[in-house]
Amino acid sequence: MSLLADERVRLRAVEPQDLEIVYRIENDTELWGCSDTSVPYSRYAVKQFLSDTANDIYSDRQIRLIAECVGNGVPVGFADLTGFSPRHLRAEVGVVVFPEYRCAGYGESILSLLEAYACRHLLIHNIYAVVAENNEPAVRLFRKAGFDFKALLADWLACADGYSNAWLCQKVLC
């Protein structure tokens, strides 16, 4: 298998025809609590983002990838490396599995492929994630992937009903 695929999942670059997928992710209010997003994005703004990206982690400081099922090419999720530091060779990792494909092992495949790509191709030494303490599926995923849960950050994420704690998770790759 290639560096970006296993027997179940393939990670690929975001294409212009993926506009609706990216639009769906960026406007999923349930995901906003995991990010700094606080307003919806228009299709125009998403289209501009897609056309303006160089697909180069060194110039964009991030890379976004579509995760698709190897058997039929259906998108099952999304993976990204953001906040890339070329000096320190670290990046924040993000994984989204679409609701209809959750609890089927896709998250594990996506994260494993993203780690391999980050280490073997991008030579990233260190990846990390900020995971809401009450996001049990994400906590399980990162624990199973061997991330070290370094710190519990109090009142780190703003929610509709106040604040929630978040784990700072880290994994040294290479």
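Modeller: Buried means under 20% relative accessible area, exposed over 50%, and partly exposed in between, computed with a 1.4 Å probe on protein chains only. Helices are DSSP runs of H or I of at least four residues, and strands are runs of E of at least two, both numbered from the N terminus. The model is predicted: local features need pLDDT of at least 70, side-chain atom pairs count only at pLDDT 80 or more, and totals for chains, interfaces and linings use all residues. Residues are numbered from 1 along each chain as its sequence is written, and side-chain values use heavy atoms, with hydrogens and water left out.

Biologist: Which residues of helix α1 are buried, and where do they lie around the axis of α1?

Modeller: An α-helix has 3.6 residues a turn, so residues three or four places apart point the same way. In helix α1 (residues 19-26), the buried residues are Leu19, Ile21, Val22, Ile25 and Glu26. Viewed down the axis of α1, these buried residues fall within an arc of 165°, so they line one face of the helix. The arc is taken from the directions from the helix axis to the C-beta atoms.

Biologist: Which residues of α6 are buried, and which are exposed?

Modeller: Ala138, Val139, Leu141 and Phe142 are the buried residues of α6. They cover an arc of only 160° around the axis, which puts them on the same side of α6. Glu136, Pro137, Arg140 and Lys144 are exposed on the other side of α6. The buried residues of α6 pack against β4 (90-97), α5, β5 (126-132), β6 (148-159) and β7 (162-172), where contact means heavy atoms within 4.5 Å.

Biologist: How is the packing of α5 with α6 described?

Modeller: Two packed helices are described by the angle between their axes and the distance between the axes. The axes of α5 (residues 106-121) and α6 (residues 136-144) come within 10 Å and cross at roughly 50°. Axes are lines fitted to C-alpha atoms, for helices over the stretch in contact, and angles run from 0 to 180 degrees between N-to-C directions. Helices α5 and α6 are therefore oblique to each other: angles under 35 degrees count as roughly parallel, over 145 as roughly antiparallel, 65 to 115 as roughly perpendicular and the rest as oblique. On the α5 side, Gly107, Glu108 and Leu111 meet Leu141, Phe142 and Lys144 of α6.

Biologist: Which residue takes a positive phi just after α6?

Modeller: Gly146 does, with a phi of about 90°.
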